[in-house]
Amino acid sequence: MKPDVICRWASWNPTIEGCYMLSHSIGSFQRFLGSTAEYVVYADDPEFVAAHLLVEAEVRQLDGSPRSRYLRPEATWRKWAPMPRVDAGRTELRIDSDIFLLAEPVELRRFLARGGPSYLVSSEEFVALWPYGNFGGKLPSRFLPINAGLVGQAPGCDLTPLLDAEFDWWEESIAPDEVKYHDEQGAVAVVMQALAEEGEVTVLDPARYRIVCPLNRPPVRDVTGLVMLHATYPEHPAFWQFLPEIAQMSGITADPAEVGLTMRRHVS
């Protein structure tokens, strides 16, 4: 019998370092969700990823059949390949590989128990348009500052038609030289606004499910009180800074040298 929940990640152009971080992400969710979830990685080089993962997870081909439209290399569309919904009959969490659970995820468990809205999403702790790329102009004047790092869909609910429609607009309206890195997140944000107005979205508290990066002012010095850490920004400095705390949850070595890596110096 299949578990009630699918936790899925995406990996493209994989490296040993990236697989190390991904392993910690998966391991941290396994720590809290255990056998109640299925853990899946979609990869463009599944053999490489399977060989370098340090946790038990199923590795599948990223492109799927027929070839996924979400394989466009611009922005971060590939995180949704091969499709935005794998199994609409089960709860599904799509998770960035730089996200780690650090404490009991009460709000997440409530969603997985099907005790609330149809969708779940993480959020930014500030309101600005730049995190949404070319979709910033499509957001209402008062909008929920969505972060697309963690997106949940309850059984029977499917973001595919809504996300496809925004992808269509993007392909038709945005020239190749106008593409921005955050366009995919902007598409998710636009989709979530209307759903949130209908009471269909659980928005995770950014003080507990927090983005940690060099933009934090004041800087984040410890992870006290954090349920989830999202180590954004190039090279994911918060992952390396808080690797000992993350490793306590993931069960994976906090010594990168054991897997042939050199410890990075974190950015304060």
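A: What follows describes the largest pocket, then some of the elements and residues linked to it.

The model is predicted. Its largest pocket holds about 1,200 Å³ of space. The lining is made up of 47 residues, and those nearest the centre of the pocket are Asp96, Asp98, Tyr181, Tyr233 and His236. Sorted by class, the lining of the largest pocket has 20 nonpolar, 14 polar and 13 charged residues.

Several elements contribute to this lining. Those that supply at least two residues each are strands E1 (5–11), E4 (91–95), E7 (146–153) and E9 (209–211), together with helices H1 (16–33), H5 (183–197) and H6 (237–241). The largest share, five residues, comes from H1.

One of the residues nearest the centre of the pocket, His236, lies in the loop between E10 and H6. His236 is partly exposed, because its relative accessible area is 23%. The phi of His236 is near 50 degrees, which is a positive value in a residue other than glycine. Glu235 is in the loop between E10 and H6 as well. Glu235 also has a positive phi, of about 70 degrees, although it is not a glycine. With a relative accessible area of 52%, Glu235 counts as exposed.

Strand E10 covers residues 228–230 and includes His230. The relative accessible area of His230 is 3%, so this residue is buried. Setting aside residues up to four places away in sequence, His230 touches Asp96, Asp98, Ile99, Asn147, Gly149, Arg210, Ile211 and Val212. Two of these contacts of His230, Asp96 and Asp98, are also among the residues nearest the centre of the largest pocket. The loop between E9 and E10 contains Pro218. Pro218 is joined to Arg217 by a cis peptide bond, with omega about 0 degrees.

H4 has 14 residues and reaches 20 Å from its first C-alpha to its last, close to the 20 Å expected at 1.5 Å a residue. Its buried residues are Thr160, Leu163, Glu166, Phe167 and Trp170. What the buried residues of H4 pack against is H5, one of the helices that supply the pocket lining.

The other helix is H7, residues 243–250, where Leu243, Ile246, Ala247, Met249 and Ser250 are buried. They cover an arc of only 160 degrees around the axis, so they are on the same side of H7. The buried residues of H7 pack against H1, H6 and strand E5 (99–101). Of these, H1 and H6 each supply at least two residues of the lining. After H7 comes Gly251, with a positive phi near 80 degrees.

To return to the pocket, its lining includes residues from H1, H5 and H6; H5 has the buried residues of H4 packed against it, while H1 and H6 have those of H7.

Note on methods
Residues numbered from 1 in each chain as written. Predicted model: local features only at pLDDT ≥ 70, side-chain atom pairs only at ≥ 80, totals over all residues. Heavy atoms only, no water. Helix = DSSP H or I, 4+ residues; strand = E, 2+ residues; numbered from the N terminus. Buried < 20%, exposed > 50% of the residue type's maximum accessible area, 1.4 Å probe, protein only. Contact = heavy atoms within 4.5 Å. 1 Å grid on protein atoms, 1.4 Å probe; cavity = no way out; pocket = protein on both sides within 12 Å on 5 of 7 lines; lining within 4 Å. Points joined across faces, edges and corners; volume = space filled by probe spheres on them. Nonpolar A, V, L, I, M, F, W, Y, C, P; charged D, E, K, R; others polar. Expected span 1.5 Å × (residues − 1). Arc of directions from axis to C-beta.
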